[in-house]
Amino acid sequence: MTVEIIAIGGYEEVGKNMTAVKVNEDVIIFDMGIHLDRINIHEDTDIDRMHSLDLIERGVIPDDTLMKEVDGKVKAIVFSHGHLDHIGAVAKLAHRYDAPLIGTPYTMALVKKQIKGERKFKVNNPIRILNPGSKLKLSKDITLEFVQTTHSIPQAVTPVLHTPDGIIVYALDFKFDNHQKVSPPPDYERFKQLGKKGVLALIVETTNAANYDQVKTYSERVPRIVLEDLMREPLKENKGMIVTTFSSHIERIQTIADIAKKSDREILFLGRSMERFLGIAEKLGILKLPKNASVHGSPKAVNRALMKANKNRSKYLLVTTGHQGEPDALLPRIASGKTPFTVKKGDNIIISAPIIPNPTNAANRHIMEAKLKASGARIYANAHVSGHAGREDHREFLRMLKPSHIIPAHGDLNMLVAYGQLAEEEGYRIGSNVHILRNAQAQVFNDFD
């Protein structure tokens, strides 16, 4: 039997993640994401009217045209979680494959939203729901399992393929968090069991692999404490107050809501992506917003809410998009004076998100913060912890799974090599059982002796 790992996207950049695993003649595709940095926006991405070939040429979505040369039948398209760098290209690519789309309930609700908004292609792939801890037989030789993990979005899982020649683990993305409010802890025991059964290959994210200061990723309990301290006094002041964070980070949204519900302020969640992510999370019972909270997504609804808040600033808490300083997102527009809400001296702005590392983001964030400061605002930046495993978390994961082979993914060459060097500390060797792939390359395993 032959097992082949095909790197389609996410092996030369952070984003546009897509990997195919071929077991004999059966092919399983993992993720279909977009490269957010190529379009300079993050959670309010709108590529519905663009053609897939144009997006491939621009480097926005994976170049899956190489799949035409793969001799096999695609049995399933599996999504690890609902971030756009993992699901954002589904409406552009999935229709090319006669295969079901599989993910957890929250992930697939987001996938359906992506498909519903598509204007160029008709996507009629069947939707299959698989819960964490469950298995699904995909073919005679392949069974899919979802293992519970944690990340910065609800219902993230580690997909696992059981094959006659060993287990293949697709670990994009994860962190080890035992203290989230909306998600249970990772299933450490199951990972250890898989390690004892025999993991042939681990395909693993490398987001923090080159960050030598990110030894251990702290739990969401840490920003909960930080935000409680940061928000306590500003909530009482007769000043405007804004918090910005990832709209997909439902855990963080829940924390902000829980802190503010004890205040006299009405909580206004503002932005199209806030409406999308929060609406689905509420509908599925994942997010529980208090009675003093409301969500406003359309431009008209957002402007009405901002006008209301501008008239009586101490009565409202604004929770907005735009933490990267993206010019068309809400907080940068507020900072530039392009909305009905005016930032005034003494207003409090809490940024509960890091700068996603690239020069454009760093420049946009600097410009936004400079404008807010020029208006007299007090800024509290980076009330945040990463949603990705630190170096010691990765070491622990390797010791649980004991994979025979490792394929670093979800990063540029520097990140992939940094992970390889970490693996070498655990007894692996780059070029022997750590395989550094580039987009459009493959690793074949056919010697299982």
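Buried means under 20% relative accessible area, exposed means over 50%, and partly exposed lies in between (1.4 Å probe, protein chains only). Notes on the structure follow.

1. Basis. This is a predicted model: local features need pLDDT of at least 70, side-chain atom pairs count only at pLDDT 80 or more, and totals for chains, interfaces and linings use all residues. Residues are numbered from 1 along each chain as its sequence is written, and side-chain values use heavy atoms, with hydrogens and water left out.

2. A buried pair. Glu369 and Arg365 are both buried. They form a salt bridge, with the closest N and O atoms 2.8 Å apart. The term stands for a side-chain nitrogen of Lys or Arg within 4 Å of a carboxyl oxygen of Asp or Glu. Both residues sit in helix H11 (residues 359-374), 4 residues apart, so about one helical turn separates them. Helices (H or I, at least four residues) and strands (E, at least two) are DSSP runs, numbered from the N terminus.

3. Salt bridges overall. The structure holds 22 of them. Side chains of opposite charge can pair when their charged atoms come close.

4. A link around H12. Arg395 and Glu426 meet in a salt bridge, 2.9 Å from N to O. Arg395 belongs to helix H12 (residues 391-401), while Glu426 lies in the loop between helix H13 (413-425) and strand E19 (442-445), so the bridge ties together parts 31 residues apart in sequence. Arg395 is buried at 12% relative accessible area. Glu426 is partly exposed at 22%. Shared partners join Arg391, Glu392, Arg395, Arg399, Glu425 and Glu426 into one network of salt bridges.

5. The sheet. Which strands form the open sheet, and in what order? There are 6, in the order E14-E13-E15-E12-E16-E17, with parallel pairing. Two strands pair if DSSP finds at least two bridges between them. Strand E14 (293-296) and strand E17 (378-381) are the edges, each pairing on one side only. Strand E12 (residues 241-245) and strand E16 (residues 348-352) pair in the parallel sense over 5 bridges. Met241 stands opposite Asn348 in E16.

6. Helix H9 and the sheet. H9 lies across E13, E14 and strand E15 (316-320), at about 145° to E13. Such angles run from 0 to 180 degrees between N-to-C directions, with axes fitted to C-alpha atoms, for helices over the stretch in contact; contact means heavy atoms within 4.5 Å. Lys308 also forms a salt bridge with Glu266, the closest N and O atoms being 4.0 Å apart. Lys308 is in helix H9 (residues 299-311) and Glu266 in strand E13 (residues 266-270), 42 residues apart.
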